[in-house]
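Let's take a walk through this structure, one region at a time. Have a look at the whole thing first, and then we'll get into the details.

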Amino acid sequence: MTANSFHPPERTLMGPGPSDVHPRILEALSRPTIGHLDPVFVGMMEEVKALLQYAFQTDNKLTFPVSAPGSAGMEMCFANLVEPGDKVIVCKNGVFGGRMQENVERCGGTAVMVEDEWGNPVDTAKVAEALQANPDAKILSFVHAETSTGAQSNAAELCRMARGHDCLTIVDTVTSLSGSPVKVDEWGADAVYSGTQKCLSCVPGISPVTFSERATAAIENRATKVQSWFLDLNLVMGYWGSDGGGKRAYHHTAPINPLYALHEALVILQEEGLEHAWARHSQMHHALKAGIEAMGLSFFVNEASRLPQLNSVTIPGGIDEADVRSRLLEQYNLEIGAGLGPMAGKIWRIGLMGHSANPTNILTCLGALDAVLTDMGADIRSGEAVPAAMAQLG
Ligand code: PLP
């Protein structure tokens, strides 16, 4: 077989991630590759760590990007903190809570499940009961922003409750980081992981993580070795360094160019300012909402716990939802997401993440959705969505 160079089409990415990558970030990716122990590269690593502290709103020294996607950040938290026999209270209100349960069990721990209906936030009253009933629980884990539904849970309250029971917390912020407030130190969260391909608008494949001193102490005092060599924090830190510029030892070859991209993404975030980024996601959500509702469609998640960056829209009756997504992709180069697991066929997931959260994307999405649904004979108010969103955008 003779293959030609691969040139992907230019899409507008409005699904659950990846989001549109900012052109400055794509340009950063193409800069010359240098050695991963080159002093210039090491200097950039220090900046990435400091910028991630800003993004996570933490002074945690142990803050760095794992050289693998969000799932690896998740696994690093569980593999380092859960030892065989440990009890972990796991909140599950969507796909990613289920993955946390898998992680606990694969580490030899016992998962005590607190389950909520998909689309609802984690019920803090149920968690309070579970903490009361399991005084020997070592960790409470939950997903701040459940990407499978678009529901946001009360991270500040869940972390506060865990601390009250001397429990560590593992918090998934893959979809929330830089899209809605993530305040690691204010919350008192202990092990927090995220991803680069959502509201940071960077390329996928890197997972920012941060660990509190309590979490670091628990890892240092483990009775057993971390089962995974690649994810063992004690070894990884020999390369990333936690002392602000000490010697670096080879552990693995870092993804050098993707780290240039992450650096650029974080510089862009710093330029915009975290508060402005959060406010922009919220403003764009309100514009999209005005259009979706003007069309006669509705949101799956209650307004109080709705994430601005992940909009779950209920699919109108009698419509082949996969056909709608194919037409959006083929005719408009626009990607929106399908429902995951039990939500398949019930919702579309429209992402407004990072660079994708802008007025042009919103108007493109609403106009294209209106045109496709009207053509398919759906029971919607045609022609109303775009003006409604424009009125909201001002
Ligand atoms: N956690 C949440 C909430 C996610 O949305 C995702 C990915 O969508 C992950 C974890 C896993 O991240 P990745 O796909 O980068 O491995």
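Helices (H or I, at least four residues) and strands (E, at least two) are taken from DSSP runs and numbered from the N terminus, and the expected span of a helix is 1.5 Å times one less than its number of residues. What you see is a predicted model, where local features need pLDDT of at least 70, side-chain atom pairs count only at pLDDT 80 or more, and totals for chains, interfaces and linings use all residues.

**A helix to start with**

Helix α10 takes in residues 256–272, which makes 17 residues. From its first C-alpha to its last it reaches 25 Å, close to the 24 Å expected. Is α10 mostly covered or mostly exposed? Mostly covered: 13 of its 17 residues are buried, where buried means under 20% relative accessible area, exposed over 50%, and partly exposed in between (1.4 Å probe, protein chains only).

**The ligand and its surroundings**

Which residues surround the ligand? They are Pro69, Gly70, Ser71, Phe96, Val143, Ala145, Thr147, Asp172, Val174, Thr175, Gln197 and Lys198, with a residue counted as near if one of its heavy atoms lies within 4 Å. Sorted by class, this shell has 5 nonpolar, 5 polar and 2 charged residues. Here Ala, Val, Leu, Ile, Met, Phe, Trp, Tyr, Cys and Pro count as nonpolar, Asp, Glu, Lys and Arg as charged, and the others, Gly among them, as polar.

Some of these residues come up again when we look at oxygen atoms of the ligand. A backbone N or O atom of Gly70 lies 2.9 Å from one, an N or O atom in the side chain of Gln197 is 2.8 Å from one, and a polar side-chain atom of Lys198 lies 2.6 Å from one. The protein covers 86% of the 380 Å² of accessible area that the ligand has on its own, going by the Shrake-Rupley method with a 1.4 Å probe.

**Salt bridges**

Side chains of opposite charge can pair when their charged atoms come close. A salt bridge here is a side-chain nitrogen of Lys or Arg within 4 Å of a carboxyl oxygen of Asp or Glu, and by this rule the count comes to 20.

| Pair | N to O distance |
|---|---|
| Lys49 and Glu46 | 3.2 Å |
| Asp136 and Lys87 | 3.1 Å |
| Asp190 and Arg214 | 2.7 Å |

Lys49 and Glu46 both sit in helix α2 (residues 39–56), 3 residues apart, about one turn of the helix. Lys49 counts as buried at 6% relative accessibility, whereas Glu46 is partly exposed at 23%.

The pair of Asp136 and Lys87 links distant parts of the chain, 49 residues apart. Asp136 is in the loop between α5 (124–133) and β5 (139–143), and Lys87 is in strand β3 (residues 87–92).

Asp190 is buried at 1% relative accessibility, while its partner in the salt bridge, Arg214, is partly exposed at 28%.

There is also a network of salt bridges, linking Arg24, Glu27, Arg31, Glu264 and Glu271.

Notes
Residues are numbered from 1 along each chain as its sequence is written. Side-chain values use heavy atoms; hydrogens and water are left out. A polar contact is a pair of N or O atoms within 3.5 Å; within protein, one must be able to donate a hydrogen and the other to accept it, and residues adjacent in sequence count only if both atoms are side-chain atoms.
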